[in-house]
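Here is a friendly set of questions and answers for a first look at this structure. Each answer sets a value against the cut-off that it has to meet.

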Amino acid sequence: MEINREDYISDPKIVESGNVGGATSSSSSSSVLKSALLLENVGDVVLTLNSDGLSLELLDSSHNDGSIISGIKPVQKFVNEIKFSDVYGVEFINYGFINGPRQSKSEQCFQGRASHGSEMYRFTVHSFQKSRSQPCLWVLAVYSFGHKDLQTCRTWVDRINASLNLERGRPENLLVFINPMSGKASGRRTWETVAPIFSRAKVKTKVIVTERAGHAFDVMTSAANNELKSYNGVIAVGGDGFFNEILNGFLLSRHKAPYPPSPSDIVHSDQRSGNSLFRNPNGRVTEATCQNEDHSPLLSNSVYNGTGLANFRTEDGTCNIGQDFEFPLPSEQFRFGIIPAGSTDAIVMCTTGTRDPITSALNIVLGKKVCLDIAQVVRWKTTTASDIEPYVRYAASFAGYGFYGDVIAESEKYRWMGPKRYDYAGTKVFLRRCSYEAEVAYIETESEEANPTVEKGQLFSRLRKRQGPKKSERVVCRTNCGVCNSKSDYMSKRSPCSTPFSSSGTRWLRSKDGFLHLLMIRDCPHALYLWHLTQLAKKGGQPLNFEFVEHHKTPAFTFTSFGKQSVWNLDGELFHAHQLSAQVFRGLVSLFASGPEV
């Protein structure tokens, strides 16, 4: 097949199959569009618009091996297909110069001329390619096409835009919070880097640069639901702590759910009689016979109301079963996004596989979606002498006590150091050689039954006097994994007010909802604990393969400290709690992300 420069001057027309002219067009938006165009730095191509994307056919006979030849070796792999699902924008560029095939110096010397180019009308398709060395890293890809005819370029832009409008789930309007002090105070610069991506994708953004700690929290808390519904989501440009602030501002006033039981609501079971004692919210002790774990719920019948849902206390003191909420959760339309600019960016790493702002921005404008499990943490007592006064916070990735709490508390003194403060504070805390004593009760799940160190019928575990279980197998969540693709019981069967373990027919020993990974570190030599920490920070490390590390997958647990002070780390934020409970809500919020890839 041959083509000459005059083809670029031809008027748009319908071309029969097998023919190539200046352009192919039709009044039907579903018809195939085909044109002979000049692709910048590549050469002559035939571009075809299909139902799911663009296909390119390279016309230069010297390029028939699929590579762009430059002298001795190929320098670029020719892309012959661009999916609309990977395209985030297309724009018309006025008349100007467009480069021909890229040539090396050796080729220019051999042929005695430089790369040719032409002046013509141009349009650009914006997409991305996955890095060969790091598949999770998405790299911007720009394809600039040229043609002598103005209408041909405009037709292509209109038809590509029409196809992009058919892509579902892409945002049109977003609320963006920027933390200028996140990480190395790079929040503003990070947004300036990715802002053109949103502009090319025609995504409207309302940008708020926070002026103080808690600014984003206050905005999210005070925002009317009708105002939030005008956005497709909220974007945080910052770190994990900043996203935690936004998440809590959103959920605390909108997520209505019963509290999990407090530590004082639970009395350890009498192993000899097989009976379990529990305190209900009124303080009265009730007895639940557990003769058969498949037929007796952990909670006594007196705690349940007529709907079969546990009548626990809620954030406003009531349960509000069956009430219709103005902002339903989970929400299929409203999503959160994170553009990493923090010190650790753990949530972004877990949901995209990389700490790259460009990759995160592309996930957002392309409307990618993963459901994110959220932990509700209820503090019952701040200190040993405190009165019981529940206080709720939410965490998306991490809740740590002991060493992790002390590190975050110590690091607050050195904020001027930036991200390095965590290494410095961690070293100081480690050298103190502190030990922490606490009691933990957790829900045992089916996976725990195979553990030979846990006796059948034993529902709770003490942190201090337990033999370690066998080493846990690491099951890493990847894109489209079976667990994430399965339908959540929480989302499909329960009211917005039910807890992950309180609906009728759901046992504490038979929960199939999301899980917390509960890690408990027993007393161990200091050197071994340091080894564990290095494995935890190391990519591909094995932090669970130590005899002093207990790993339990559980939907809920309670905690009571035996020390005078008790400091927790919630997504990088300081949290004082002597006594607390936590439960997980599977898929409570949606995130603009596609999940890490293998």
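Q: Which residues of helix α4 are buried?
A: In this predicted model, the buried residues of α4, which spans residues 215-222, are H215, A216 and M220.

Q: How do you know that these residues lie on the same side of α4?
A: Seen around the helix axis, H215, A216 and M220 cover an arc of only 125 degrees, and that puts them on the same side of α4.

Q: What covers the buried residues of α4?
A: The cover includes the strands β10 (173-178), β11 (204-209) and β12 (233-238), together with α5 (225-228) and α6.

Q: What makes R212 and D218 a salt bridge?
A: The rule asks for a side-chain nitrogen of Lys or Arg within 4 Å of a carboxyl oxygen of Asp or Glu. For R212 and D218 the N to O distance is 3.1 Å, so the pair qualifies.

Q: Why are R212 and D218 called partly exposed?
A: Partly exposed is the class between under 20% (buried) and over 50% (exposed). R212 has 47% relative accessibility and D218 has 33%, so both fall in that class.

Q: How do you know that E81 and K83 form a salt bridge, too?
A: Their side chains meet at 3.2 Å, N to O, and the limit is 4 Å. E81 is partly exposed at 45% relative accessible area, and K83 is partly exposed at 29%.

Q: What makes R432 and E410 a salt bridge, and where do they lie?
A: The closest N and O atoms are 2.6 Å apart, which is within the 4 Å limit. The pair links distant parts of the chain: R432 belongs to helix α10 and E410 to helix α9, 22 residues apart.

Q: Why is the pair of Y259 and W380 called edge-to-face?
A: A pair of aromatic rings is described by the distance of the centres and the angle of the planes. For Y259 and W380 these are 5.6 Å and 85 degrees.

Q: Are Y259 and W380 buried or exposed?
A: Y259 is buried at 4% relative accessible area, and W380 is buried at 1%.

Q: What makes Y414 and Y424 an edge-to-face pair?
A: Their ring centres are 5.0 Å apart and their planes stand at 85 degrees, so the pair is edge-to-face. Y414 lies in the loop between α9 (403-411) and α10 (420-432), and Y424 lies in α10, so the pair ties together parts that are 10 residues apart in sequence. Y414 is buried at 14%, whereas Y424 is partly exposed at 39%.

Q: How do you know that R379 sits over the ring of F575?
A: The charged end of R379 is 5.2 Å from the ring centre of F575, and the distance limit is 6 Å. In the same way of speaking, R154 lies over the face of F92, at 4.4 Å from the ring centre.

Definitions and conventions:
Residues numbered from 1 in each chain as written. Predicted model: local features only at pLDDT ≥ 70, side-chain atom pairs only at ≥ 80, totals over all residues. Heavy atoms only, no water. Phe/Tyr/Trp six-rings, centres within 6.5 Å; stacked < 30°, edge-to-face > 60°. Buried < 20%, exposed > 50% of the residue type's maximum accessible area, 1.4 Å probe, protein only. Helix = DSSP H or I, 4+ residues; strand = E, 2+ residues; numbered from the N terminus. Lys NZ or Arg CZ within 6 Å of the ring centre and 35° of its normal. Arc of directions from axis to C-beta. Contact = heavy atoms within 4.5 Å.
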